[in-house]
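Have the sequence and the 3D view open as you read.

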Amino acid sequence: MEEDLVTCAFSTYNCFETLENAIYSAFNQTYKNIEILIVDDNSTDNTKQIIKKLAEKSTIPFRIIFNKKNTGIGSVRNSLVENSKGNFIAFFDDDDVSCSNRIFEQISLVKKYEKKSNLLDKSYSPICFSNRLIIDKQKNMICKSVYISKNDMFKEKVIRALLSADSFPRTSLPGSTATCTFFSRRESIFRVKGFNYKLRRFEDLDFVIRALINKVPIIRSELVLVNQNNTFGEEKIKTRDYELLLIDIHRDWLMKRKLYYFSKAYVNLKKNFFKRNFKLTIKFIFYLFFNYPLRFINKLFYSIRTIFFAVFSYIRFKNIY
């Protein structure tokens, strides 16, 4: 296993308070054949100085790219992939800490899947996520990654569910696609054609949707491999706006299946509910109920777990919405 180089790919922007711990979590991996690659998206605080200081101390190959202007997370992730030297890429966020066994666990799962599937074309190698612990001042919470069973892997129903147009199959489970737990072969990312530069949120979910459309499997580790600090930023505040943009990006796919207007209305319902605009919330409930009664009821029924998670998150982390 040690022959494979893994790129620890860091996206950074104005994160001087948390970056050092994040990078040390890469230094401390039990899997040792790694390189550190950082793309700083034109930080205006002390982030650049911290990166340079850590690079000077590093005994691990350490490369830095400083963007001259802020390009957004999708563009930054693409730059990380294009400039990586590793056969595998593990994305690290600048405010999170990966457990020391993260890379070893995920590369083991990916290779096990490849061997079991007799996979010759490595561009069809799976994207591996893991569970993570969201750390908050009040209370910590485990957030599970999306689970797609082998039988459901490339079914349209899963893709429709990810686009808010359907419920998940009973043998799979909705969950997170957080890029801070993302691990895969470089070839798989190229097959999916990277991340959408237009998205500053939901670029991870968009990637997963396109991965499934391109027959690239999604797997997860059942372990908690990342501790995610709950931080706030403009992109998080505009979460639902980016989710609406995600729906528009996949408009053609949804329109062919006569699901675009359902998806758009369902996300607008969520957006207005979390903004406590109950007048518009009721408006979208009536629209969905009278135009798509069976689909809407089915979606609500099988989304109870997700709804409770979202409401609980809103109560504790209301600034995100």
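Lys271 and Asp241 form a salt bridge, and their closest N and O atoms are 2.7 Å apart. The term stands for a side-chain nitrogen of Lys or Arg within 4 Å of a carboxyl oxygen of Asp or Glu. The two partners lie 30 residues apart and link distant parts of the chain: Lys271 sits in helix H11 (residues 260-274), while Asp241 belongs to helix H9 (residues 239-249). Helices here are DSSP runs of H or I with at least four residues, strands are runs of E with at least two, and both are numbered from the N terminus.

How covered are the two ends? Lys271 counts as buried at 16% relative accessibility, whereas Asp241 is partly exposed at 33%. The cut-offs are under 20% relative accessible area for buried, over 50% for exposed and partly exposed in between, with a 1.4 Å probe and protein chains only.

## What to know about the model

This is a predicted model, in which local features need pLDDT of at least 70 and side-chain atom pairs count only at pLDDT 80 or more, while totals for chains, interfaces and linings use all residues. Residues are numbered from 1 along each chain as its sequence is written, and side-chain values use heavy atoms, with hydrogens and water left out.

How many salt bridges does the structure hold? There are 19. One of them joins the side chains of Arg63 and Glu35, at 3.0 Å from N to O. Glu35 is buried, at 3% relative accessibility, and Arg63 is partly exposed, at 22%.

Another salt bridge pairs Asp121 with Arg191, at 3.6 Å from N to O. Asp121 lies in the loop between helix H4 (102-116) and strand E6 (127-135), and Arg191 in helix H6 (residues 186-191), 70 residues apart. Both ends are partly exposed: Asp121 has a relative accessible area of 37%, and Arg191 has 28%.

## A nonpolar patch on the surface

Which residues form the nonpolar patch on the surface? They are Ile282, Phe286, Phe289, Phe290 and Ile297, with about 530 Å² of accessible area together. Such areas come from the Shrake-Rupley method with a 1.4 Å probe, and for residues only the protein chains shown count as cover. Patch members have over 30% relative accessible area and no salt bridge; like charges are joined within 9 Å, and nonpolar side chains (Val, Leu, Ile, Met, Phe, Trp, Tyr) within 5 Å.

Helix H12 (residues 278-291) gives the largest share of the patch, four residues. Phe289 is found in this helix, H12, and is partly exposed, with a relative accessible area of 39%.

## The chain as a whole

Stepping back, the protein chain has 14 helices and nine strands. The C-alpha trace spans about 65 × 45 × 35 Å along its principal axes. Its radius of gyration is 20 Å, which agrees with the value near 20 Å for a compact globule of 321 residues. That radius is taken over C-alpha atoms, and the globule rule is 2.2 Å times the number of residues to the power 0.38.

Buried residues make up 53% of the 321 residues. The chain exposes about 15600 Å², of which carbon and sulfur atoms supply 55%.
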